Amino acid sequence: MIVTNRKKRRIVVVGGGITGLSAAFYLQQEAKKNNLPIEIIVIEASLRLGGKIQTLRKDGFIIERGPESFFDQSGSVRNLAADLGIEDEIVRHNTGQAYVAVGGELYPIPSGILLGGAPEVSSFITSGLISLTGKIRAIGDLLLPKSPEKEDEPIGDFFRRRFGKEVVENLVEPLLAGTFAGDIDHLSIQAMFPQFFQLEKEHRSLLLGLKKNGKHLYPHVIGEEAYYESFQNGLETLIEVLEEQLATCRILKGVRVESIDKALDGTMTVHVNNGEPIQADSIIMTSPFNVAKEAFKAHNLMQHLPNMNYATIATVTMAFKREQIEKYKDAMSFFVSRNSDFVITSCTWSNRKWDNVAPDGYDLLRIYIGRVGDEAVVELSDTEIEKTVLQDLCRLLGIKDKPLTTVVTRWKQGMPQYTVGHEKRLHTMQEELMQQFPYVQLAGSSYEGISVPECVAQGKEAAESMLTKLFEYKEGQ
């Protein structure tokens, strides 16, 4: 028999990014639905909510300073939008050709062999992106045995073993670096792409596994069934509506959590930098791992685990009149190989991807710079960054004139890196927390996925799990 404990509880959510806001919203929703007596406090170190989700609306342009969309296979964002009443504001991206810059040229990304298509697809065979030797080596995946059983391995090792060095250098690394800003020789295949790790186990050949399962290696680049979504007035719409609807929550901005202690009765004290300590019955910790680790330092919790690495990147958005860019009229985006001497890691024509982000007659380019091992460029001044990026665009796209406007946004230590062994470390820290702080739960981009949908899902799961812990127990316990 399940009995509900009705004593009022205070839940503190540390971090006001999309994970923390999702957690607070679902705490509020569940409390209303089940008449649960809770008090919710959200603590955010910065002066605004939303974390990396920031939308600038200027002169008819919608400019995303952080993530610009979501790839919602789980439906977590669409479900949240429906709960918020803004599902009808969701927009879907247009399709277009993606390229990779190798040397000084842009080459179309083959739409077949590495994207779930048949091995004989002519687009791969005729592509100038990979040499004949490299193509033969890639197709060798059909014949190679599967690897010995491993718990984990670097993404680079995994794909080099299946497809060879050239495919990794000219396809795998540029696309993943342009998306995750990471070093593929350290990122974990098990944490980042467990589906491919499993496909090799089940089918031996990764290509055959992709074909049989109808999956795509790069669904974020191309594919009829794979699509990105955003909101008509920008991704920050999600944050703005969440903040509006968190009516019963107390939100503290510009407040930093310094440490967390616990009492003999199981309650906790959250010490902050500019005010009285906050008492809590439970805590949902959505801040980066290194911040969480510091908060529990006095208890020696997670201290034996290494600090997490984070990539430092910048987004650079430039607006041009359409006639200023004459080349690659079919391009939606391009990614840059490390073998090229460009600072840019990726570039997207936002106005071609989305119908709502730029006035007619203008091209809006969204450029990424910086990645693990190449962070120095992000430290340059805005003027120097604009000059450097424009030099790359001139070489690749033939642009001669300066942009009409440029927006530079730096994300220092902004992209979590799930290095080899991440899953094992995550399991260890969760076990330690359960033993010492059973009413603390970790969630967010440092843990089980960095995308917006994954963060929303983590926030909702943390909310539901915490309420179950707080209010339900078996009779007699």
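Reader: How much space lies in the largest cavity?

Author: About 110 Å³ of space lies in the largest cavity of this predicted model. Of the 14 residues lining that cavity, Ile62, Glu64, Glu68, Trp354 and Val357 are the closest to its centre. Here's the general idea: rolling a probe the size of a water molecule over the atoms shows where empty space is left. In detail, on a 1 Å grid over the protein atoms alone, a cavity is a set of points where a 1.4 Å probe fits but cannot get out, a pocket is an open set with protein on both sides within 12 Å along at least five of seven lines, and lining residues have an atom within 4 Å of a point. Grid points are joined across faces, edges and corners, and the volume is the space filled by probe spheres set on them.

Reader: Which elements supply at least two residues each to the lining of the largest cavity?

Author: They are β5 (61-64), β9 (229-231) and β18 (362-369). Such labels are DSSP runs numbered from the N terminus: helices (H or I, at least four residues) and strands (E, at least two). The largest share of this lining, three residues, comes from β5. By class, the lining has six nonpolar, five polar and three charged residues. Ala, Val, Leu, Ile, Met, Phe, Trp, Tyr, Cys and Pro count as nonpolar, Asp, Glu, Lys and Arg as charged, and the others, Gly among them, as polar.

Reader: How many cavities of 30 Å³ or more are there?

Author: The count comes to three. In the second largest cavity there is about 70 Å³ of space. Its lining includes Lys146, Glu149, Phe158, Arg161, Phe197 and Glu200. At least two lining residues each come from α5 (155-163) and α8 (194-203), and α8 gives the most, with three.

Reader: How do α5 and α8 pack?

Author: Picture a line through each helix. Axes are lines fitted to C-alpha atoms, for helices over the stretch in contact, and angles run from 0 to 180 degrees between N-to-C directions. The angle between α5 and α8 is about 40 degrees, and their axes are 12 Å apart. The two helices are therefore oblique to each other; angles under 35 degrees count as roughly parallel, over 145 as roughly antiparallel, 65 to 115 as roughly perpendicular and the rest as oblique. α5 passes α8 in a left-handed crossing, a term used if the near helix is turned anticlockwise from the far one by less than a right angle, with right-handed used if clockwise.

Reader: Which residues meet there?

Author: Phe158, Phe159, Arg161 and Arg162 in α5 meet Phe196, Phe197 and Glu200 in α8, where contact means heavy atoms within 4.5 Å. This contact has four nonpolar and three charged residues, and no polar ones. Notice that Phe158, Arg161, Phe197 and Glu200 also line the second largest cavity.

Reader: Where does the second largest pocket lie in terms of its lining?

Author: Residues lining the second largest pocket include Gln430, Leu433, Val440, Leu442, Gln458, Glu461 and Lys469. Two or more lining residues each come from α14 (422-436), β20 (440-442) and α15 (452-471), and α15 gives the most, with four. That pocket holds about 260 Å³ of space. Its lining splits into six nonpolar, three polar and three charged residues.

Reader: At what angle do α1 and α15 pack?

Author: α1 and α15 pack at about 40 degrees, with their axes 7 Å apart. They are therefore oblique to each other, and α1 passes α15 in a right-handed crossing. Among the residues making this contact are Ser22 and Tyr26 of α1 and Gln458 and Leu467 of α15. The contact divides into nine nonpolar, four polar and two charged residues.

Reader: And how does α1 pack against α2?

Author: Helix α1 (residues 18-34) and helix α2 (residues 76-84) pack at about 50 degrees, with axes 12 Å apart. That makes α1 oblique to α2. The crossing is left-handed. Ser22, Phe25 and Tyr26 in α1 meet Asn79, Leu80, Asp83 and Leu84 in α2. By class, that's four nonpolar, two polar and one charged.

Note on methods: Residues numbered from 1 in each chain as written. Predicted model: local features only at pLDDT ≥ 70, side-chain atom pairs only at ≥ 80, totals over all residues. Heavy atoms only, no water.
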